Amino acid sequence: MKLSCAVIDDEPLAVELMEGYVRKTPFLELCGSYGSAVAAFDALREHPVDLIFCDIQMAGLNGMELARMLPVGTRVIFTTAFSRYAVEGFRVNAIDYLLKPISYADFLEAAEKALGWFEIRDRAGKVGEADGQPATAAAPPRAIFVKTEYRLQQIEFDRILYVEGWRDYVKIHVEGESQPILSLISLKAMEEQLPGAEFVRVHRSYIVRLNAIRIIERNRIVFGKEYIPISESYRTALFERLAQHALMPKTDREG
């Protein structure tokens, strides 16, 4: 599979760098480069591409505004020097978010993520056609960007087991990872960025993904060798949420 793509940045050196990265990536095909979002919008309206690598801070029309105006089938990887746009980038369903200066390794990782998204979309469309149903686009990636050390990391909601508040940080415990991801953000701010239908506060220091809960023992949620306490003030709400998700029978919720 080959993805058609475009580069949008008002810095000529940044455009040159991204063009070079695209050309050395076998599954990408460069279809245009633009020095402004306005110029890109006019061109991409006539000739859409699969993927754009787009700066955010540009005069006239910024990258975030452009992302909201793109055709449904076009996906975005943001390239910027400013980490404060990460959450907003997630809200417009960006595939990834790269902080300048961008290495080829980081570029390739983001591009492969985009390739995977398009492959899933195409497979979903073929299954629908085989069933006699119209093809539909796959759901956008479901994830959150968090700042850890000197980079932004995307974490899929479905991989988060629980989030632990720790001083001015949170520890994000992720399925398949031996160590939690440490991020400088308050637990309250983290809670606001998680989908409320899927995560629940169980303690002043813990948020848990409902579908990750398998064992509750003596007012504690068990994750392997880790035990998450359930505060009395959150207990009723937790069991009500579990009942709604049908994760456990009513008789086991009592006592």
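So, H203: you'll find this histidine in strand 11, which covers residues 199–203. Keep in mind that this is a predicted model. Is H203 buried or exposed? With a relative accessibility of 17%, H203 counts as buried, because the cut-off for that is under 20%.

What does the H203 side chain reach? It gets to the backbone nitrogen of S205, at 2.9 Å. And if you leave out residues up to four places away in sequence, H203 touches P229, S231 and Y234.

Now over to a tryptophan. W166 sits in strand 8, residues 160–166. This one comes out at 34% relative accessibility, so W166 counts as partly exposed. W166 also belongs to a nonpolar patch on the surface, along with Y169, L182 and L184. Together those four residues have about 370 Å² of accessible area.

Okay, zooming out to the whole chain. How many helices and strands are there? The chain has eight helices and 15 strands. Its length is 255 residues, and 44% of them count as buried.

Last bit, on contacts. Take the ones in the chain between residues at least 6 apart in sequence: 52% of those join residues at least 24 apart.

That's my tour, so over to you for questions.

Definitions and conventions. Residues are numbered from 1 along each chain as its sequence is written. This is a predicted model: local features need pLDDT of at least 70, side-chain atom pairs count only at pLDDT 80 or more; totals for chains, interfaces and linings use all residues. Side-chain values use heavy atoms; hydrogens and water are left out. Helices (H or I, at least four residues) and strands (E, at least two) are DSSP runs, numbered from the N terminus. Buried means under 20% relative accessible area, exposed over 50%, partly exposed in between (1.4 Å probe, protein chains only). Contact means heavy atoms within 4.5 Å. Patches are made of residues with over 30% relative accessible area and no salt bridge: like charges are joined within 9 Å, nonpolar side chains (Val, Leu, Ile, Met, Phe, Trp, Tyr) within 5 Å. Accessible areas come from the Shrake-Rupley method with a 1.4 Å probe; for residues, only the protein chains shown count as cover. A salt bridge is a side-chain nitrogen of Lys or Arg within 4 Å of a carboxyl oxygen of Asp or Glu. A polar contact is a pair of N or O atoms within 3.5 Å; within protein, one must be able to donate a hydrogen and the other to accept it, and residues adjacent in sequence count only if both atoms are side-chain atoms.
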